[in-house]
Amino acid sequence: MSRKLTVVLLAMLVLVGAMSLKTVVVTHSDSAVIMANGGAPVPPVPWKNGGAPVPPVPWK
């Protein structure tokens with residue numbers, strides 16, 4: 001039983017350390033949220049679309 005508790009304790013310490021590191025990184029950032037493509041429009045890529053028109057952006 002002691003070995004299982006030791007493994008659980010070590011796993012919990014690793015998780016707590018990871019969450020603490022995440023908190024430190026977030027509090028020292030410039031509050032900018034990085035998202036895929038952010039709020040920018042989708043750039044047209046004519047060579048990937050052939051001769052067809054650029055499809056509409058679904059979230060507009």
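This is a predicted model: local features need pLDDT of at least 70, side-chain atom pairs count only at pLDDT 80 or more; totals for chains, interfaces and linings use all residues.
Some ground rules. Residues are numbered from 1 along each chain as its sequence is written. Local features need pLDDT of at least 70, side-chain atom pairs count only at pLDDT 80 or more, totals for chains, interfaces and linings use all residues, and side-chain values use heavy atoms, with hydrogens and water left out.

Start with the whole chain. There are two helices and zero strands. Helices are DSSP runs of H or I with at least four residues, strands are runs of E with at least two, and numbering starts at the N terminus. Of the 60 residues, 0% are buried. Buried means under 20% relative accessible area, exposed over 50%, partly exposed in between, with a 1.4 Å probe and protein chains only. The accessible surface, by the Shrake-Rupley method with a 1.4 Å probe, is about 5900 Å², and 74% of that belongs to carbon and sulfur atoms.

Now α1. This helix has 26 residues and spans 37 Å from first C-alpha to last. That is close to the expected 38 Å, taken as 1.5 Å times one less than the number of residues. Why does α1 lie largely in the open? Because the number of its residues that are buried is zero.

Leu 10 sits in α1, residues 2-27. Leu 10 is exposed, at 52% relative accessible area.

Last stop, the loop. Pro 41 lies between α1 and α2, where α2 is 46-49. Pro 41 is exposed too, at 55%. Its C-alpha is 8.0 Å from that of Val 57, 16 residues apart along the chain.
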